[in-house]
Amino acid sequence: MGKPTGFLEYQREANKDIPPKKRIENYEFFHEAISENERREQGARCMNCGVPLCQSAMKLHGMVTGCPLHNLIPEWNDGIYQGQPAYAYSRLQKTNSFPEFTGRVCPALCEKACTEGEHGDPVTIRDDELYVIETAFDKGYLKPRIPAIRSDKKIAVVGAGPAGLAAADRLNRRGHNVTVFEREDRIGGLLMYGIPNMKLPKDVIERRKKLMEEEGVTFKTGVNVGVDIKAEDLKKEFDAVILACGAKKARSLPAADPEKVGGVYYAVDFLTQATRDLLDGKVSGGRANAGKCKPTGDAGKKFAYGKNVIIVGGGDTGNDCVATSIRQGAKSVIQLEMMPEPPVERTEDNPWPEWPKTLKTDYGQEEAIYLFGKDPRIYETTVKSVETKKNGDLKSVTTVKVRFENRKMVEVEGTEKTYPCDLLLIAAGFVGAEELAPKAFGTKMTARNVVETEEGKYATSVSGVFTAGDMHRGQSLVVWGIVEGRQCAREVDEYLMGYTGLA
């Protein structure tokens, strides 16, 4: 333990957010790191608890609290305090394949279980993690680790999201020959095209890709397995196949079908287009310049400039749509949430260290409050109907209040309201994996529309074919994708070699 009295001497100080007025004028990462001395003080706040719940991943009342990767948090926090970044990195990389991702986008389950959070403010674990990995990159600690000996085994990973990347990374370091197939033009899955650049800069993904390529991983983008390559051909060429294609089948909105109403899109399609426009140079700057570089054609239809935008869904993806719409120059933004507004403080039946079911005002909502003068969220509300123009494009949306009776959503009569709407984004979550890859490989599916395996296992019903990530567990967090990729790699290694050296 670094400083036994650190938690008494220093207050929590997180990385600084760039003010909304400034950050909505670009798509850049909006957190600024505190100084190195201040970071060491934050590391000193870690108490090195006898039972560090931060790394426990306990399931309490159906929700996990603590790190699913079981990161050695007290150890690398001690390294930060002692001014030993190389040691801190050596402990971090033992459990986490991609701290540069989780240090930016993970909701920090670890902090929710931090002992200091019981009566005060938890340690800045996520910011500390980001400091460790970025310092490691800056100081050159991350050098290509090329296996001294290669096996004769070839593995195909289908899908380059966090699960696929984590599996590929582990199996390559074991000495196997790994090829990753990705149907999009860039790797990353939802890291690339589901999370906006201001939350996860895309050069961070490209930096990791370059390192993995130097270590021997082969990436093939723009390849749709099951269409461009037959599943049978892939099984003949490779000794094992890992399906890590995600769970991108979006939940629909009965009142507004994107196939029938112009101006209605699923959130993932909207966010994908926004990131692709940015990376391809079709947009530049933020809100003030949105009208000067508005994309045309199909991309222009998904662009929010000058439009009244309504987003269905109060989660992280909905919030990302709020922030992106604002940067694109939306005229107005409303975010609908079916559930009641959460309490500001924990209730008695939601004690520490459970996941706190409290109100969270995220960066997109903060920006909407600054720009429009009010929180964009309207609770216990959904879309009842839409009105279109003569050409079939969206004109307005009628909402209605809802409540839940016996777990069934019921409309509240007489609560309808109509809002002008030019762009309706559905961010209501996902209902499982797309069928293309499972059908191509002949794997069984569960009632939850994910690929079936034995409990706690990754082998599918088809010999030599494995699955991991959202395609295996359903829509989840980046950190769970990494966990599953690492665990799946261990099972694949044992399948190929008869034993495994992977932890």
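View 1. Skip the neighbours within four places in sequence, and A113 is in contact (heavy atoms within 4.5 Å) with L53, C54, T65, G66, W352 and P353. This is a predicted model, with local features needing pLDDT of at least 70 and side-chain atom pairs counting only at pLDDT 80 or more, while totals for chains, interfaces and linings use all residues. Residues are numbered from 1 along each chain as its sequence is written, and side-chain values use heavy atoms, with hydrogens and water left out. A113 sits in the loop between α7 and α8; helices here are DSSP runs (H or I, at least four residues), numbered from the N terminus. Its relative accessible area is 0%, so A113 is buried (under 20% relative accessible area, 1.4 Å probe, protein chains only). From the C-alpha of A113 to that of T418, 305 residues apart along the chain, the separation is 42 Å.

**View 2. Helix α4 under its cover.** Seven of the nine residues of α4 (residues 73–81) are buried, so the helix counts as mostly covered. Which residues of α4 are buried? They are I73, P74, W76, N77, D78, G79 and I80. Their cover includes α3 (36–44), α5, α7 (109–112) and α8. Just after α4, look for G83, which takes a positive phi of about 70 degrees.

**View 3. Where α5 crosses α8.** The axes of α5 (residues 85–92) and α8 (residues 125–138) come within 9 Å and cross at roughly 110 degrees; axes are lines fitted to C-alpha atoms over the stretch in contact, with angles from 0 to 180 degrees between N-to-C directions. That makes α5 roughly perpendicular to α8 (65 to 115 degrees). On the α5 side, P85, A88, Y89 and L92 meet E129, V132, I133, T135 and A136 of α8. Sorted by type, the residues of this contact come out as seven nonpolar, one polar and one charged.

**View 4. The largest nonpolar core.** This core has 66 residues, and F101, I242 and V492 have the most contacts inside it. A nonpolar core here is a set of buried Ala, Val, Leu, Ile, Met, Phe, Trp, Tyr and Cys residues joined through side-chain atoms within 4.5 Å. Helix α19 (residues 478–497) gives the most to the core, with nine residues. What does V492 touch, leaving aside neighbours within four places in sequence? V492 is in contact with I155, L171, A240, I242 and F466. Apart from this core lies another, of 18 residues, with V261, L336, L394 and F430 among them.

Note on methods. Helix = DSSP H or I, 4+ residues; strand = E, 2+ residues; numbered from the N terminus. Parallel < 35°, antiparallel > 145°, perpendicular 65-115°, else oblique. Nonpolar A, V, L, I, M, F, W, Y, C, P; charged D, E, K, R; others polar. Buried < 20%, exposed > 50% of the residue type's maximum accessible area, 1.4 Å probe, protein only.
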